[in-house]
Amino acid sequence: MKINFAGELLEREFKKQEWLVDRLLGPSKRISLLAGRPRAGKSTLAWQLSVAVAGGRDFLGRSTKRSPVLFWNRESTDRQINGLLKQFGYDKLSDEQIAVVTPSPANNNPEGLKAALTKLPGTGLLVIENLSRVLRVRDLNDNTEVGEQFEILMSALNKFLDHTSVLAIHQLKKRQSEFALDGILGATDIAAQCDGAWVISRVSDEDQRRTFMAEVREGDSIPLSATRFELPVGLILGLPVDEARKQKTLETQNRVRLDVLTFFAKNSGATLDECFAEVSGKRDVVRKVFKQACLDGVIKKTSGTGAKGNPFRYGSVEVPTEERIAA
């Protein structure tokens, strides 16, 4: 049993955290997960990472430390890997080595990983495809069994973890969860045992675009973000989803505001109901924009009492321009 006292820990100087991918993935006593449902793009993203690290090129907008890679492959054919290497621009002459190990069923376990890393001692990135097959648990939902198998895995990897970053590919549950990390397949101990959890998802069955997020214990997490795919880079992060929604809402409000002001400028003395009939958009949005325009003084009441049969009528002070509204 090891006992540390707070005062002693406070006085100790610790080695600064090194990063393979800046503030996202680095050597650690824990592994990181890349999770997603089938055909979400997990393996493709893992190969994008591998080629980026081998060449010291940016990954998801973050710098990488140029390093040799070991890809523990259990799903992709040689033909598919050939295509992925070409797709992401791997250069065998100038990039670091990427060792692709396809283990036999008997060697697809922690001891097999240990043997491969022993033969390739300079490995900076280990990608495991996929975690559940390496752990070999009978019941992936059994926290006790998962915890025991994780201890075996980490014991096998232990002597390499001071210089090797480990990313393991894993599945998400079929059923959508409110929080992405709650959707990681199997026992809660899987996510608990990991340093970081990356999640890639399709927007929907009909919408093939992907979203990406990452939560890390140390470094900088990535909020749920929209993405686009451009070769030879691969997946590129866009705006965080919440920010994108706010931006879309603002753009909609600006368009409706322009339409409302233009309507009253061209139809002075019109009523709000007549505006509803002419301006496209949800009625509550049109009403909100109209009220704000009145408060801003750019729409003014021209006549009417608001009584039945004598509604308020309005006019716009001037015909607006898109530039003025945006300002």
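Mentor: Exposed stands for over 50% relative accessible area, buried for under 20%, and partly exposed for anything in between, with a 1.4 Å probe and protein chains only. Keep in mind that this is a predicted model, where local features need pLDDT of at least 70 and side-chain atom pairs count only at pLDDT 80 or more, while totals for chains, interfaces and linings use all residues. Residues are numbered from 1 along each chain as its sequence is written, and side-chain values use heavy atoms, with hydrogens and water left out.

Helix H3 covers residues 78–87, and its buried residues are Ile81, Leu84 and Leu85. They lie on the same side of H3 because they span an arc of only 100 degrees around the axis; that arc is taken from the directions from the helix axis to the C-beta atoms. What do these buried residues of H3 pack against? Their partners are helix H2 (42–55) and strand S3 (98–101), where contact means heavy atoms within 4.5 Å. The names come from DSSP runs numbered from the N terminus: helices are H or I with at least four residues, strands are E with at least two. Just past the end of H3, Gly89 has a positive phi of about 80 degrees.

On to the charged pairs. Side chains of opposite charge can pair when their charged atoms come close. A salt bridge here is a side-chain nitrogen of Lys or Arg within 4 Å of a carboxyl oxygen of Asp or Glu, and that rule gives twelve salt bridges. One of them joins Arg23 and Asp220, with the closest N and O atoms 2.9 Å apart. Arg23 sits in the loop between H1 and strand S1 (32–36), and Asp220 in the loop between strand S7 (210–216) and strand S8 (222–230), so this pair ties together parts 197 residues apart in sequence. Arg23 is partly exposed at 32%, and Asp220 is partly exposed at 36%.

Another pair is Glu230 with Arg228, whose closest N and O atoms are 2.7 Å apart. Salt bridges that share partners also link Lys15, Glu18 and Lys65 into one network.
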